[in-house]
Amino acid sequence: MNKGFLSLKWQAVLSVSFILVLGVGLITYFGKNNLEQTYANQRDRVFQDRRQAVTGALQAMQLQLLQLAGHMQGLAGLSAGGAREAMVDTLERNWDQLNFEWGVEAIELFAADGAIIGAWGGRSPEASLSADWIARANRLEAPVAEVWCQRSCWQTVNVPVFLDQMNVGILSLTRSLAGAVLQFHSATAADVGILVPRTGEQPGSLDGLRTLQHWQHDVVALTGAPLTYNLLDHVSSTLTMAGLEHDRAVQLWRERHYEISLIALNQAADTRAARMVVVEDVSADLQRLQSTLAGFFLAAIAILLLAEAVLLWLLWLPMVRLQVVAKALPMLAQSSRDLTVNLTRLRGPKLIRNEIHDLFDAAILLSRKLDSLDMTVKSRTKGLKRRSRELLEERNFVTTLLNNVHVIILTQDREGCVRLLNSEGQRLTGVGSNGLHDVYFTDYVENDDRAKVKQGIGELFLGKTQQFHHESDFICESGKRLHMDWYHSHLPNTHSGGELVLSVGLDLTARKIAERNLAWLADHDPLTELFNRRRFQTEFAQALKKYERFRQPGALVFFDVDQFKTVNDASGHPAGDRLLCEIAVKLGHAVRETDTLARLGGDEFAILMEQTDCDGAVALANKLCELISDTEVIGNNKLHRITISVGIALYPEHGESVDELMANADFAMYKSKAESNARSNWHLYSADAPERYELQKRVDWKARIKDALDDQRLLLHFQPILDVSGDCISHYEALVRMHDERGNLVSPGMFIPIAEKTGLIHEIDRYVVNMAVVALDRFRRQGRDITLSVNLSAKAIANSEFVATIEGLVKQYAVDRSRLIFELTETSAVEDIVTAAEVIGRCCKLGYKFALDDFGVGFASWFYLRRLPVDYVKIDGSFVRHLAKNFEDRLFVKAINDVAQGLGKKTIAEFVEDEVSLQLLTEFGVDYAQGYYIGKPQESLLYSDSDFKVTLARTDLKEINTQ
């Protein structure tokens with residue numbers, strides 16, 4: 001079974017199990033919360049219903065007492081005699097009925113000054129019936145109802161009554177709350193008690209009362225005592241009364257759960273205010289809730305386990321069959337008839353079919369369906385992409401309208417007075433910051449365009465046109481000029497101010513400035529501010545057209561700065577830039593006003609001299625050599641004296657086209673550079689000179705190289721490299737060769753120099769690297785893990801796309817990066833040491849390896865060896881070829897090997913052509929050897945790498961190389 005394999009049935013079971021566990025867990029969690037919340041809401045409703053019931057009972061008792069008082073006053077009014085005597089007589093006659101039938105426990109009649117006129121029933125304690133209640137009822141001339149408590153609680157109603165025509169008395173009726181408490185207890189099955197605040201009296205003076213010390217209240221009535229009292233005493237020690245005023249609490253006491261709540265008996269903020277405490281045993285309810293939750297949880301677990309079992313039962317046998325089919329399907333490519341019959345049996349009975357049966361039937365139509373589905377997918381994908389683009393465009397359009405309206409929008413009337421200006425317009429122009437009074441649009445338009453704008457807007461109001469568009473300068477309040485693009489359109493007469501014109505302005509100032517800058521940059525070199533190559537060629541072409549018309553000859557002068565790269569490397573690019581700018585300034589003073597100056601790129605300059613002859617061009621060349629030779633530049637405390645190489649081409653003598661004349665002047669310049677001896681020099685192009693042949697040769701070889709690249713006539717030869725200590729082949733160097741049109745082999749020395757001069761070396765580098773990667777892939781498929789060394793030009797390293805190109809090829813063919821070694825010649829690597837070191841460092845981090853070829857021939861070899869992070873150093877063959885005869889070469893080779901190995905790099909000796917040289921290299925400790933003695937470059941590899949022996953190479957080298 002493959003590593004990491006997990007059967008589909010177990011994947012399905014595990015996945016569904018996770019989903020079921022998560023789903024059941026969430027359902028259980030939310031179900032538990034729902035049940036608990038439902039229970040809490042139910043208890044809240046019960047609490048609120050009880051509070052409303054108590055409040056309603058007290059209000060009903062008050063209303064009944066008020067009605068009895070009114071009835072007594074009415075009976076007294078029907079009696080004969082004075083009002084006071086009639087009231088006393090009426091109360092006396094009806095006392096028994098009020099006491100027994102209506103539950104009135106006490107009646108008191110007070111005069112206006114609070115004196116008692118008469119009393120019936122139990123006399124209330126003096127502190128029980130407040131004189132303030134009597135005075136308040138007398139002052140308000142309205143009934144006053146209060147609940148007061150001491151050893152018990154009563155409902156009292158104080159009603160104003162007429163004692164005579166001038167005086168009003170107070171009739172007070174009192175009724176006990178004990179019946180209401182008992183009725184509440186009977187209706188709710190909960191224990192009920194009444195709590196009153198403690199007074200200054202000692203507890204012993206109130207017989208029969210129970211005290212709650214923590215709450216500072218006395219219990220004047222309580223059902224279910226003493227159990228209930230003990231519970232309340234425990235609750236008072238753990239909870240505050242303030243916390244129970246508007247909420248309820250559940251307490252665990254003696255393994256039972258009790259719910260305690262308080263209900264105020266009146267609304268007055270009196271120190272004697274009483275509260276009803278309700279104690280209910282909710283243990284059974286909580287037990288039922290816990291039982292329900294437990295049952296819910298057990299049911300969820302049972303459902304989960306049942307679902308798992310059913311799923312596993314359903315998947316087991318089909319997955320076993322599917323596993324057999326999966327193992328057998330790869331063998332169907334062998335068209336095995338017996339295997340097909342066995343698979344047919346594995347489908348099971350045809351009466352009950354499933355997806356596994358369909359698997360066999362679907363295989364026949366798979367190819368046809370895939371083609372159809374592919375076309376469908378492509379069509380739908382295309383439609384989705386089109387629709388996505390449409391939706392994206394619509395979204396961008398809406399977003400732009402809503403959020404990015406960076407334009408000036410204003411309205412103006414017939415007189416041109418601005419009525420409305422948006423915030424963007426105010427910000428850009430500064431107009432309207434102090435209001436829009438007497439602000440006219442045309443006052444801010446450039447004077448030259450003002451009349452045209454007034455006329456165009458007037459035609460809009462007259463209906464002659466529907467739109468008016470113009471560009472003009474807009475003068476802001478600050479005096480700043482904005483180049484605006486205006487669109488004016490007529491608005492219907494729907495505004496209270498009359499007809500208006502809508503003006504939309506787009507600020508084009510930045511774009512106009514950018515256009516001018518771009519136009520200048522398109523024709524000029526930004527550093528020296530001279531014409532660039534493109535503009536120079538345009539001017540040159542026009543000059544040649546003038547010659548065709550007026551037949552006035554001219555000259556083209558090319559020159560570049562000698563050793564300009566040395567200035568950049570030694571003193572930095574800023575010093576080089578200063579030098580170029582100084583040369584440009586001197587050129588401006590040296591040439592005529594009719595001459596055209598240009599910087600063609602790098603350190604190359606060109607001067608086009610119209611209406612001149614050979615003498616004039618030579619005079620200018622001498623003047624330039626003398627003028628610029630006096631130029632000096634200092635950078636990093638180094639003084640550089642400047643010399644130039646000048647090339648001259650005359651027209652029409654040396655050519656009649658721009659390209660031909662520039663190429664001839666370029667050749668003349670390089671000819672002067674070759675003839676120069678550390679001083680400025682010039683050279684006049686000659687059509688009969690050898691460079692003419694050199695140019696033609698370069699053109700011919702450029703075409704041949706292009707044809708070879710197009711026809712894929714470049715190929716690789718592989719030369720083995722020997723591991724000296726291991727006495728076996730370490731790797732191979734891939735060397736490029738070219739077949740000409742007749743199939744003959746062309747050595748790289750014939751076409752590589754031309755490719756470097758013409759710029760085709762880039763394409764050759766890419767072609768060679770591509771062939772090397774393809775070869776590595778081919779060798780790997782043949783079972784041989786080969787490492788190849790590939791030569792690269794300096795321009796390849798300088799190319800910014802080099803790393804990306806190599807990475808693309810390696811990923812395409814899945815080649816190990818460590819199997820590629822890139823060889824750079826010392827001279828090419830030092831052309832730009834900073835860039836070379838940076839590129840090599842990046843590639844080394846990715847896993848590639850580098851070798852420094854032809855090491856030892858440069859004057860600064862040791863310095864660059866320290867700067868470049870290469871893995872191998874190839875000792876130049878000029879030191880190795882005569883190693884057996886030349887003692888000095890031995891010293892050089894040994895020194896190079898010791899230094900390179902001391903810096904942690906491997907050494908490779910080139911041009912090993914005899915046994916003595918190989919023996920000396922072995923003694924010096926050189927790591928690798930390469931040369932004809934080891935093996936010549938061939939189109940194929942040696943027959944074996946690991947078993948290669950030097951002795952075999954000596955005795956049968958020819959046979960090995962031909963295999």
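1. A polar contact, as the term is used in this note, is a pair of N or O atoms within 3.5 Å; within protein, one atom must be able to donate a hydrogen and the other to accept it. The structure under discussion is a predicted model, and the points below should be read accordingly.

2. Gln719 meets that description towards Gly935: the Gln719 side chain reaches the backbone oxygen of Gly935 at 3.2 Å. The side chain of Gln719 is also joined to the side chain of Gln930, by a polar contact of 3.1 Å. Gln719 belongs to strand 24, which comprises residues 714–723. Its relative accessibility is 8%, and because buried means under 20% relative accessible area, Gln719 counts as buried.

3. Gln712 lies in the loop between helix 18 (690–710) and strand 24. Although Gln712 is a residue other than glycine, its phi is positive, near 55°. The relative accessibility of Gln712 is 61%, so this residue counts as exposed.

4. A positive phi is also found at Glu529, with a value of about 65°, although Glu529 is not a glycine. Glu529 is placed in the loop between helix 12 (509–523) and helix 13 (533–550). Glu529 counts as exposed because its relative accessibility is 55%, the cut-off for that class being over 50%.

5. Pro652 sits in the loop between strand 22 (644–651) and helix 17 (658–675).

6. Two surface patches should be noted. The nonpolar one is formed by Phe18, Ile19, Leu22, Leu26, Tyr29 and Phe30, which together have about 670 Å² of accessible area. Of these residues, Leu26 is located in helix 1, which spans residues 8–78. With a relative accessibility of 41%, Leu26 counts as partly exposed, because this class lies between the limits of 20% and 50%.

7. The other patch carries positive charge: Lys382, Lys385, Arg386 and Arg389 gather there on the surface. Arg389, one of its members, is in helix 9, which covers residues 355–403.

How values were computed
Residues are numbered from 1 along each chain as its sequence is written. This is a predicted model: local features need pLDDT of at least 70, side-chain atom pairs count only at pLDDT 80 or more; totals for chains, interfaces and linings use all residues. Side-chain values use heavy atoms; hydrogens and water are left out. Patches are made of residues with over 30% relative accessible area and no salt bridge: like charges are joined within 9 Å, nonpolar side chains (Val, Leu, Ile, Met, Phe, Trp, Tyr) within 5 Å. Accessible areas come from the Shrake-Rupley method with a 1.4 Å probe; for residues, only the protein chains shown count as cover. A salt bridge is a side-chain nitrogen of Lys or Arg within 4 Å of a carboxyl oxygen of Asp or Glu. Lys and Arg count as positive and Asp and Glu as negative; His and the chain ends are not counted. The place of a charge is taken as NZ of Lys, CZ of Arg, CG of Asp or CD of Glu. Helices (H or I, at least four residues) and strands (E, at least two) are DSSP runs, numbered from the N terminus. Buried means under 20% relative accessible area, exposed over 50%, partly exposed in between (1.4 Å probe, protein chains only).
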